[in-house]
Amino acid sequence: MSPEYSELLRQRIAEVIARYPKKEAALLPVLHLVQRETGSISPEEEKFIAGILDLKPIKVREVVTFYTMILRQPLGKYHVQVCSNLSCTLLGAGTIIDYLKEKLGIEIGQTTPDKKFSLSTVECLGACEQAPCLMVNFDYYGNLDKERIDRILASLT
Amino acid sequence: MVKIFIDDKELEVSNGLTILRAAEGAGIPIPHFCYHPAFAPEGSCRMCLVEISGLPKLELACSTVVREGMKILTASEKVIEARKAVLEFLLAEHPLDCPICDKAGECKLQDYFEEYGFFASRFKEAKEKREKKVQISKNLILDRERCILCTRCLRFLSEITKTQDVGVLNRGIHSEIAVYESNFIDNHYAGNLAELCPVGAITDTDFRFKTRAWFLVKKESICPMCSRGCNIFIDSHPGFARTPLAQRVYRIRARENQDINSFWICDFGRYHYSYIDQGRQERIVLKKEAKDTELSWEKALIILAEKVKSLVYLKKKSRIGVILNTWLTNEELYLADKVFKKGLGLENIYVVDPPSEKGDDFLLTEERTPNRRGLKEVGLPDLTPDLGKLALQTDLLLIFGTFLVGRFSVTELKSAFDKIGTKFLFAAHKSALDSLVDVVIPTPLIAEKGGSLTNVNGKVQSFSPALDNSLGLPEWKLLIDLAKELKINHKPFWQLSSPQAILEEMGRGIPFFK
């Protein structure tokens with residue numbers, strides 16, 4: 001095992017693997033564990049995971065590229081995820097997205113040069129009652145308008 | 001056994017069979033892309049949908065198992081509609097570059113489109129642009145626009161070669177077959193993928209843009225590159241009336257035989273076909289002091305027979321040597337045994353084959369010659385000649401094949417051959433031996449003659465000529481002529497007129513060939 005991964009991570013991976021009848025089955029939880037430590041799954045991480053789970057790296061990459069929440073590039077400090085599904089769009093998500101793009105100076109899927117903000121759109125966040133809404137890392141913000149976005153971004157340092 | 005009805009045809013089929021297999025067994029074709037008999041059903045292409053009475057929706061024929069009394073419709077209006085819809089979706093992203101596609105003419109997508117529609121697409125949106133030339137192995141090119149994601153290639157590499165070299169990356173419309181970074185598919189069965197691909201997504205650089213499938217004449221044959229005896233198709237181009245081609249064979253493909261090679265052949269057998277068309281002997285030549293004279297077989301036969309007769313008459317038959325090889329068929333080895341060993345009573349009969357090479361644990365064997373087992377069963381000794389000894393004890397040497405060149409250096413051969421009075425060479429190819437012998441007699445290759453071969457496991461397989469041969473007489477014919485000329489064993493041999501007749505005769509004498 002490569003020395004760049006912590007002892008704690010190795011221990012957690014071993015625990016997860018022990019939970020399943022086949023090593024391969026632990027792929028998703030292991031991806032999450034590694035991503036939590038490294039921030040993203042680069043080719044090095046793919047090979048590392050393939051090595052532990054006795055898989056070919058291509059098998060790991062299949063899963064990595066399938067799931068949007070497994071990241072291939074590290075994100076900024078704050079990951080701004082704006083809902084672009086039906087309720088939010090009806091209540092102006094389009095304007096919100098455009099405003100965020102303008103304000104952060106980046107397109108969807110990009111990260112600001114100072115590595116502070118990453119912007120992406122997501123399908124339904126399950127918070128239609130406060131549409132339009134967005135998530136910053138694990139926090140929800142609803143009933144958005146431009147002023148509220150200014151305040152949210154200002155509060156993030 | 002269960003009783004089922006397919007299109008009102010009553011069938012008794014075994015339990016556990018899928019509808020598709022049951023239908024195929026009854027001669028009812030069900031269109032499919034992703035299903036392949038060698039793999040577990042995948043059910044991803046949706047082309048094999050059939051109607052089952054009592055079920056509200058169409059079911060997959062490739063993965064639905066038959067049940068007692070099942071009534072299946074394979075050509076109802078609903079089924080045809082479904083097939084059209086599946087095709088329409090597949091074609092929504094397919095580039096339709098059939099005019100430049102090597103698969104055209106043997107493409108399932110093309111065939112089914114012709115069968116089910118010629119409909120115009122209702123999709124007005126532009127098609128996705130994808131990479132059209134991704135190298136995925138030494139010989140294979142992947143075209144992601146043509147790919148219909150049946151995953152046959154992926155399943156071949158995970159179920160048959162177990163190397164798992166490719167995967168499906170991304171999701172939805174962005175899904176694509178890919179290798180890991182620059183890790184090419186690295187096993188010598190990869191050539192099967194081009195054949196396995198139901199569309200033109202995986203093409204072979206060996207065949208790419210060389211010719212069109214419909215020009216090729218497809219004939220059955222046996223692969224002679226090792227002792228496995230894989231069943232193959234030899235696809236050859238007859239040439240055009242005004243432009244003859246330098247090359248006849250354009251492709252070797254696997255032919256199904258569940259006892260030997262299943263559906264596959266190795267890349268060694270697949271790509272080494274250029275020997276069929278290159279460097280061939282064309283004429284019977286008498287070499288005399290730097291001047292070559294062309295001979296007819298009748299004349300060459302008389303010269304040969306006279307030499308043999310004179311040595312036998314002088315009680316010098318121990319000074320006749322014969323070098324055989326196991327590219328010869330069972331019939332030819334049998335005749336060689338009858339003529340040289342039993343008929344003339346020769347003792348110096350040797351065998352020179354291509355050297356053994358590393359095999360693998362699937363099809364490719366170490367013996368790079370097709371009929372060593374046949375030699376053993378015929379009862380000929382497997383002796384390698386000692387060149388020095390051979391040179392001293394031989395006045396007349398009959399050499400079959402050019403494999404001496406691979407075993408000894410030309411200098412060694414020359415110094416030995418200089419001491420031998422007369423040398424006859426029966427060979428398909430030009431080689432360094434040509435200038436060392438007195439008479440060269442061209443012979444056909446296995447692809448050009450009929451006969452049978454015994455594979456490494458003792459399975460005798462007959463084959464017919466896959467290519468026409470205007471270059472030489474097959475060895476079995478030469479040996480019969482020689483036997484006639486020498487008046488050996490006249491009864492059984494002289495009437496034998498085909499490899500089949502010889503094999504029957506062999507069966508009477510050797511129980512193995514019965």
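A: One term to begin with: contact means heavy atoms within 4.5 Å. With that, residues 24 or more positions apart account for 58% of the contacts in chain A with a separation of 6 or more. Keep in mind that this is a predicted model.

Q: OK, and how many helices and strands does chain A have?
A: Chain A has 7 helices and 4 strands. Reading from the N terminus, the order is α-α-α-α-β-α-α-β-β-β-α.

Q: What does the C-alpha trace of chain A span along its principal axes?
A: About 50 × 30 × 25 Å. Chain A has 157 residues, and 45% of them are buried.

Q: Let's zoom in on α3(A). Which of its residues are buried?
A: Helix α3 of chain A covers residues 43-53, and its buried residues are E45(A), E46(A), F48(A), I49(A), A50(A), I52(A) and L53(A).

Q: Why would residues three or four places apart point the same way?
A: Because an α-helix has 3.6 residues a turn.

Q: What do the buried residues of α3(A) pack against?
A: They pack against three helices of chain A: α1 (7-18), α2 (27-38) and α4 (57-66). Just past the end of α3(A), D54(A) takes a positive phi of about 55 degrees.

Q: Switching to the interface. How many residues of chain B are in contact with chain A?
A: 14 residues of chain B, and they touch 12 residues of chain A.

Q: What area is buried between the two chains?
A: About 1200 Å² between chain B and chain A, and carbon and sulfur atoms give 55% of it. On the chain B side, Q164(B), R171(B) and Y180(B) lose the most area to chain A, together 50% of what that side buries.

Q: How many salt bridges are there between chain B and chain A?
A: The count is 2. One salt bridge joins the side chains of E181(B) and R61(A), at 2.8 Å from N to O.

Q: Which elements of chain B give two or more residues to the side that touches chain A?
A: Those are β8 (166-169) and β9 (176-179) of chain B. The largest share of that side comes from β8(B), with 4 residues.

Q: New topic: D235(B). Is D235(B) buried or exposed?
A: D235(B) counts as buried, because its relative accessibility is 0%. D235(B) sits in strand β12 of chain B.

Q: What does the side chain of D235(B) make a polar contact with?
A: With the side chain of R253(B), at 2.7 Å. Beyond its neighbours within four places in sequence, D235(B) is in contact with several residues, including L216(B), V217(B), K218(B), Y250(B) and R253(B).

Q: Last one: which residues make the nonpolar surface patch of about 380 Å²?
A: W214(B), F215(B), F240(B) and L245(B).

Q: And where is F240(B) placed?
A: F240(B) is in the loop between β12 (231-236) and β13 (249-254) of chain B. At 38% relative accessibility, F240(B) lies between the cut-offs and so counts as partly exposed, given that buried means under 20% and exposed over 50%.

Technical notes:
Residues numbered from 1 in each chain as written. Chains lettered and ligands numbered in written order. Predicted model: local features only at pLDDT ≥ 70, side-chain atom pairs only at ≥ 80, totals over all residues. Heavy atoms only, no water. Patch = residues over 30% accessible without salt bridge, like charges linked within 9 Å, V, L, I, M, F, W, Y side chains within 5 Å. Areas by Shrake-Rupley, 256 points an atom, 1.4 Å probe, with all protein chains shown as cover. Salt bridge = Lys/Arg side-chain N within 4 Å of Asp/Glu carboxyl O. Buried < 20%, exposed > 50% of the residue type's maximum accessible area, 1.4 Å probe, protein only. Buried area = accessible area lost by both parts, 1.4 Å probe. Polar contact = N/O pair within 3.5 Å; in protein donor to acceptor, adjacent residues only side chain to side chain.
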